[in-house]
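Reader: I'm new to this one. Could you walk me through it with a few questions and answers?

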Amino acid sequence: MADVKLTQVRKSFGEIDIIRGVDLDIKHGEFVVFVGPSGCGKSTLLRAISGLEDITSGELRIGDQVMNHVDPSKRGIAMVFQSYALYPHMTVRENMGFALKHAGVAKDVVKSKVDAAAKILGLEPLMDRKPKALSGGQRQRVAIGRAIVRDPQVFLFDEPLSNLDAELRVHMRIEIARLHRELGSTIIYVTHDQVEAMTLADKIVVLRAGVVEQVGAPLVLYDNPANTFVAGFIGSPRMNFLEGTVTGQPRFNGTNYCEVTLKGFDNTVVNLPFAGAVPAVGTEVSVGVRPEHFQDDGDAVLPVTIDMLEHLGGETFMYARSSGDAMVVIESKHGRSLRSGQALEARFDAGKALLFHKDGQRIYAH
Ligand SMILES: Nc1ncnc2c1ncn2[C@@H]1O[C@H](COP(=O)(O)OP(=O)(O)OP(=O)(O)O)[C@@H](O)[C@H]1O
Ligand SMILES: [Mg+2]
């Protein structure tokens, strides 16, 4: 079994702390995706798991073995990078079998492993070609094939699809999901792509400046972010944060509400249903509203003027502005009938809005 467990893992380059105490529990067979802004340490953490970088302190276990000082080749892992650097003078077959051949594995074993991987990846008709005669997606599949033949317990992928065009990315994304299903191995995958993260992951790890902000299933992070960083990072276009102050704790029809007066919206008031303790009057908060939570029958009303419209065909994103210059992004069902400069009352469902403290921490309503 290849559970991967990180306990208080730290990595510094000289004086600079890059990974600052990461705890992670990855179960055998899980597909875990690391996301976070550029420079937050995603690749460094992956390289630390692989052994390409030493860990400064903390413990890394794969299965039941402590791996801190184990040679990368003995960790039972295989890594696939964004730049897949195939050997140009070797055929697909030779590229895929190279590591095994180099390790002294018998010829017939190499052949059967390479054939099996080629079958999984649909590379059989291409085995005698050289890399220059392959498309980007085919080359990426060879790179994945090179990893598969090694029978790793854990696959590490660092933005493997980011050099591919949009259509190929979708195609390879589906292939990677299928591969995971067929091999049942543990996968740790770094990406910048929201859709890859949401669709591939069993579990997403959101990193910021070398610290784990939140870990959870994609929809759990989407529905229940722990802070404004995660709320803003998961979901595209990002969640709107409307600044305001708690001005009341009304109770209507047996439900408690948190009354928030919004800044920049002509003292517009919204009432959020609250089963938990309502924050004190005077607390500065931000109200998180996702673009898709705007709808015609919403009970909270924001007076805005349309700044710009993005028509994507099936959906329209409206960039709107309040009288006090607060910006909101709204997903509209009526895109084609809207015009820039138009004033309107945008409505959202207050029951779906999230509340955050000024410092970004979530205030739970339940
Ligand atoms: N060998 C190194 N020496 C010094 N600093 C390094 C080294 N490798 C990485 N860093 C620094 O560590 C930080 C994290 O880098 P890392 O490559 O892990 O980021 P990342 O999250 O993968 O970013 P991206 O999304 O841009 O790939 C960066 O500030 C980077 O400059
Ligand atoms: Mg990186």
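**Helix α2 and beyond**

Author: Let's start with helix α2 (residues 92-102), where Val-92, Arg-93, Asn-95, Met-96, Gly-97 and Leu-100 are buried. Buried here means that 20 or more other C-beta atoms, placed from the backbone, lie within 10 Å of a residue's own. Helices are DSSP runs of H or I with at least four residues, strands are E runs of at least two, and both are numbered from the N terminus. This is a predicted model, so local features need pLDDT of at least 70 and side-chain atom pairs pLDDT 80 or more, while totals for chains, interfaces and linings use all residues. Residues are numbered from 1 along each chain as its sequence is written, with chains lettered from A and ligands numbered from 1 in the order in which they are written.

Reader: Which helices are included in what covers the buried residues of α2?

Author: Think of contacts: two residues touch if their C-beta atoms, placed from the backbone, lie within 7 Å. For the buried residues of α2, the cover includes α3 (107-121) and α4 (136-148).

Reader: Which residue takes a positive phi just after α2?

Author: Look just past the end of α2. The phi there is about 80 degrees, and the residue is Gly-104.

Reader: Which residues touch the most other members of the largest nonpolar core?

Author: A nonpolar core is a set of buried Ala, Val, Leu, Ile, Met, Phe, Trp, Tyr and Cys residues joined through C-beta atoms within 7 Å. The largest one has 93 residues, and those touching the most other members are Val-33, Phe-34, Leu-156 and Ile-188. This core draws at least three residues from each of domain 1 (4-233) and domain 2 (240-363), with bounds from an automatic or database domain assignment. Leaving aside neighbours within four places in sequence, Leu-156 is in contact with Leu-46, Ile-49, Ser-50, Ile-77, Met-79 and Ile-188.

Reader: Which strands stand at the edges of the open sheet of four strands?

Author: Strands pair if DSSP finds at least two bridges between them. The order is β2-β1-β4-β5, with antiparallel pairing. Each edge strand has a single partner, so one side is left without a neighbour in the sheet: these are β2 (16-26) and β5 (65-66).

Reader: Which residue stands opposite Gln-65 in β5?

Author: Strand β4 (residues 57-62) and β5 pair in the antiparallel sense over two bridges. Opposite Gln-65 stands Ile-62.

Reader: What percentage of the chain's residues count as buried?

Author: The chain has eight helices and 21 strands. Of its 366 residues, the share that counts as buried is 36%.

Terms used
Buried ≥ 20, exposed ≤ 12 C-beta atoms within 10 Å, placed from the backbone.
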